[in-house]
Amino acid sequence: MNSMKDAKRQYDETEIPKELSGRIQEEIKKADRKRNKILTFRRAARRTAAAAAAAAVVFTTALNTSTAFAETASQLPVIGAVARVLTFRSYETNEEDLKISVEIPSVEMISEDFEGLEQSVNEEIFRLCEQYAQEAKTRAEEYRKAFLDTGGTEEEWEAHNIEIRVWYEVKSQSEKYLSLAIMGTENWSTAYSETRYYNFDLENGRLLTLGDVLGENYKTTADEEIRRQMKEREANGAVYFDSFEGISEDTPFYLNESGNPVIVFESYEIAPGSEGQQEFEIAAQ
């Protein structure tokens, strides 16, 4: 697991001309066109050299503003010869004492039967990462203005060291599944942190649900186990709200290395913020 995490973060960053357009929508269109060309190349290469599927392709493209962007295919082994995760784009920028760091992944399905899933998920992840970064930047700029308008100084603002980060983590992988987390955080506020999980069924080329891994009675199974674990933790000093009504089909989860779903509740969702994010591992059926 750790070696996979280390490997996927090996990417290069290329300086980009400052005069390029900064409009996100235009860059998304450019990236989509570029990505389609890259995927066409990769698929042709796989047909002529399937034995070399573990080799990574590194490519760069010029993107927006004065930010340094890079599109990178990290040198990762193929996951179960079915899928792999690449760093599709990464960039860092510093503006008005605001640091933004973004890493956007791309899931590549080796089987051409799963290309529809690959395209739809990657487009969603791309837009999710860019949207979070832009909205977080707007929040930080509004915070800066309010801080200065209420008597704060530029020197005091600089001391805040405001940072926005968007990145990803492969939670687990096997020949049967791939679990990926996309995360966004702002160091000046925990209220806006966000994590999105994608759990891939690599045998059938679709996204997994809790029902797939816990069975038809997944809600009852999960609710009973979560309440049991909550009571156990409360006995050790943890604090939870009394309003927990159970999970839904949309409750986020990821698969751990044992193949068990880990149900996740963000800070303040079922417990005070001081308790932080809450996770509950449920034995798969």
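The following legends describe close-up views of a predicted model of one protein chain.

**View 1. The protein chain as a whole comprises six helices and ten strands.** Of its 285 residues, 46% are buried. Among the contacts with a separation of 6 or more, 60% are made by residues 24 or more positions apart. The chain exposes about 14600 Å², and carbon and sulfur atoms supply 46% of this area.

**View 2. The largest nonpolar core of the model contains 35 residues.** The residues with the most contacts inside this core are Met109, Ile125, Leu178, Leu180, Ile182, Tyr198 and Phe200. Two or more residues are contributed by each of β2 (83-95), β3 (98-109), α3 (115-149), β4 (162-173), β5 (177-186) and β6 (189-201). Helix α3 provides the largest share, eleven residues. Another core, of 21 residues, lies apart from this one and has Ala238, Ile247, Phe253 and Phe265 among its members. In soluble globular proteins, nonpolar side chains tend to be buried together.

**View 3. Strand β9 (residues 261-265) is largely enclosed by the rest of the structure, because five of its five residues are buried.** The side chains of Pro261, Ile263 and Phe265 point one way from the strand, whereas Val262 and Val264 point the other way.

**View 4. Strand β9 is paired with β8 (residues 253-255) and with β10 (residues 278-281).** Strands β8 and β9 run antiparallel and are joined by three bridges; Leu255 stands opposite Pro261 in β9. These two strands form a hairpin with five residues between them, and Gly259 in the turn has a positive phi of about 85°. Strands β9 and β10 likewise run antiparallel, with four bridges joining them. In this pairing, Val264 stands opposite Glu279 in β10.

**View 5. Tyr143 and Trp188 form a stacked aromatic pair, one of the eight aromatic pairs found in the whole structure.** The ring centres are 4.6 Å apart, with 15° between the planes. Tyr143 lies in helix α3 and Trp188 in the loop between β5 and β6, so the pair ties together parts that are 45 residues apart in sequence. Tyr143, at 25% relative accessibility, counts as partly exposed. Trp188 also counts as partly exposed, at 25% relative accessibility. Ring pairs link Tyr143 and Trp188 with Phe147 and Trp157 into a cluster.

**View 6. Phe244 and Phe265 form an edge-to-face aromatic pair.** The centres of the two rings are separated by 5.8 Å, and the angle between the planes is 90°. Phe244 lies in the loop between α6 (218-234) and β8, while Phe265 lies in strand β9; the pair thus links distant parts of the chain, 21 residues apart. Both Phe244 and Phe265 are buried.

**View 7. Two charged side chains, those of Arg139 and Lys171, sit over aromatic rings.** The charged end of Arg139 is placed over the ring of Tyr132, at 5.7 Å from the ring centre. The charged end of Lys171 is placed over the ring of Tyr254, at 4.3 Å from the ring centre.

Technical notes
Residues are numbered from 1 along each chain as its sequence is written. This is a predicted model: local features need pLDDT of at least 70, side-chain atom pairs count only at pLDDT 80 or more; totals for chains, interfaces and linings use all residues. Side-chain values use heavy atoms; hydrogens and water are left out. Buried means under 20% relative accessible area, exposed over 50%, partly exposed in between (1.4 Å probe, protein chains only). Two strands pair if DSSP finds at least two bridges between them. A nonpolar core is a set of buried Ala, Val, Leu, Ile, Met, Phe, Trp, Tyr and Cys residues joined through side-chain atoms within 4.5 Å. Rings of Phe, Tyr and Trp (its six-membered ring) pair if their centres lie within 6.5 Å; planes under 30 degrees apart count as stacked, over 60 as edge-to-face and the rest as tilted. A charge sits over a ring if NZ of Lys or CZ of Arg is within 6 Å of the ring centre and within 35 degrees of the ring normal. Contact means heavy atoms within 4.5 Å. Accessible areas come from the Shrake-Rupley method with a 1.4 Å probe; for residues, only the protein chains shown count as cover.
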